[in-house]
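Student: I have just opened this one and I'm new to it. Could you walk me through a few places in it?

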Amino acid sequence: MSELRDLYQQIIIDHSKNPRHFCVIEHPDHVKEGYNPLCGDKLTLYLTEKNGVITDICFQGSGCAISMASASLMTEAIKGKTIAETMELFDEFQRLLTTGDQKDLEKLGKLAVLAGVAEFPMRVKCATLAWHTLKSALKSTAQEEKVTTE
Ligand code: ZN
C-alpha cells in the first residue's frame, strides 16, 4: 500500500509541476474564475462545448500542488466527455474526498491518486476548486457570456 502511495505522490507532483492543458482557449464557450481563499489557490477555466460534449478545456492559475494537480488531472479526465458524465465524475470524486469511501475508486481512473486528500479536510477545497469552477462555468448562461464577449 505504501508503494501505491508513493506512486500517487509522484503523479501528483508531476501534474503540479507540469500541468496538462495549461493554456488559454481563444474563443471559449465558457470561462470561469475560481478562488479558494483558505489556501490562496486561483484558476481560470476555458471550455468549448458541442452538443453537450466538452470538446476542449484549458486552465491557467497558481496555487498549491494539490490544486494544480487536481485541475490538471480534471482536464485530462473530462476532455471528450459529456456534461452528464462529467457531473457524475464530480459527484463520485467529491464523495471520495469528503467521505474517504474508496469502494468505487476504479470509476475515477487517474483521479484516484487524490484519494489521500480525504485525510486532510483543509485540503479538500484545494482538490475540488477546479471542479466547483467547472460546474459554475457550465451553468453560466449565454446572456452572461454575451456581456463579456461583445
Ligand atoms: Zn491549496
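Tutor: Let us begin with a term: a residue is called buried under 20% relative accessible area, exposed over 50% and partly exposed in between, using a 1.4 Å probe and protein chains only. Asp-41, at 0% relative accessibility, therefore counts as buried. Please keep in mind that this is a predicted model, in which local features need pLDDT of at least 70 and side-chain atom pairs count only at pLDDT 80 or more, while totals for chains, interfaces and linings use all residues. Residues are numbered from 1 along each chain as its sequence is written, and side-chain values use heavy atoms, with hydrogens and water left out.

Student: OK, and which protein donors does the zinc ion have?

Tutor: They are Cys-39 (SG), Asp-41 (OD), Asp-41 (OD), Cys-64 (SG) and Cys-126 (SG), lying 2.2 to 2.6 Å from the zinc ion. Donors here are N, O and S atoms within 2.8 Å of the metal (3.2 Å for Na, K and Ca), and since water is not among the atoms, sites may look incomplete. Along the chain, the donors of the zinc ion follow the spacing C-x1-D-x22-C-x61-C.

Student: Is Cys-39 buried or exposed, or in between?

Tutor: Cys-39 has a relative accessible area of 34%, so it is partly exposed, whereas Asp-41 is buried at 0%.

Student: Switching to helices, how do helix 2 and helix 4 cross?

Tutor: Two packed helices are described by the angle between their axes and the distance between the axes. Here the axes of helix 2 (residues 65-78) and helix 4 (residues 121-139) come within 8 Å and cross at roughly 40°. Helices (H or I, at least four residues) and strands (E, at least two) are DSSP runs, numbered from the N terminus. The axes are lines fitted to C-alpha atoms, for helices over the stretch in contact, and angles run from 0 to 180 degrees between N-to-C directions.

Student: What do we call that orientation?

Tutor: Helix 2 and helix 4 are oblique to each other, because angles under 35 degrees count as roughly parallel, over 145 as roughly antiparallel, 65 to 115 as roughly perpendicular and the rest as oblique.

Student: Which residues make the contact?

Tutor: On helix 2 they are Ile-66, Ser-67, Ser-70, Ala-71, Met-74 and Ile-78, and on helix 4 they are Arg-123, Cys-126, Ala-127, Ala-130, Trp-131 and Leu-134. Contact means heavy atoms within 4.5 Å. Cys-126 is also one of the zinc donors.

Student: Where does Thr-86 sit, then?

Tutor: Thr-86 is in helix 3 (residues 83-99), and it is buried, with a relative accessible area of 0%. Its side chain reaches the backbone oxygen of Thr-82 at 2.8 Å. Not counting residues up to four places away in sequence, Thr-86 touches Ile-54, Ile-78, Lys-81, Trp-131 and Leu-134.

Student: And what about Thr-133?

Tutor: Thr-133 is found in helix 4 and is buried, with a relative accessible area of 4%. A polar atom of its side chain lies 2.7 Å from the backbone oxygen of Leu-129.

Student: Last one: is Leu-47 buried or exposed?

Tutor: Leu-47, found in strand 2 (residues 41-50), counts as buried at 0% relative accessibility. Leaving aside residues up to four places away in sequence, its contacts include Ile-25, Ile-54, Ile-57 and Leu-134. Ile-57 lies in strand 3 (residues 53-62) and likewise counts as buried, at 0% relative accessibility.

Conventions: A polar contact is a pair of N or O atoms within 3.5 Å; within protein, one must be able to donate a hydrogen and the other to accept it, and residues adjacent in sequence count only if both atoms are side-chain atoms.
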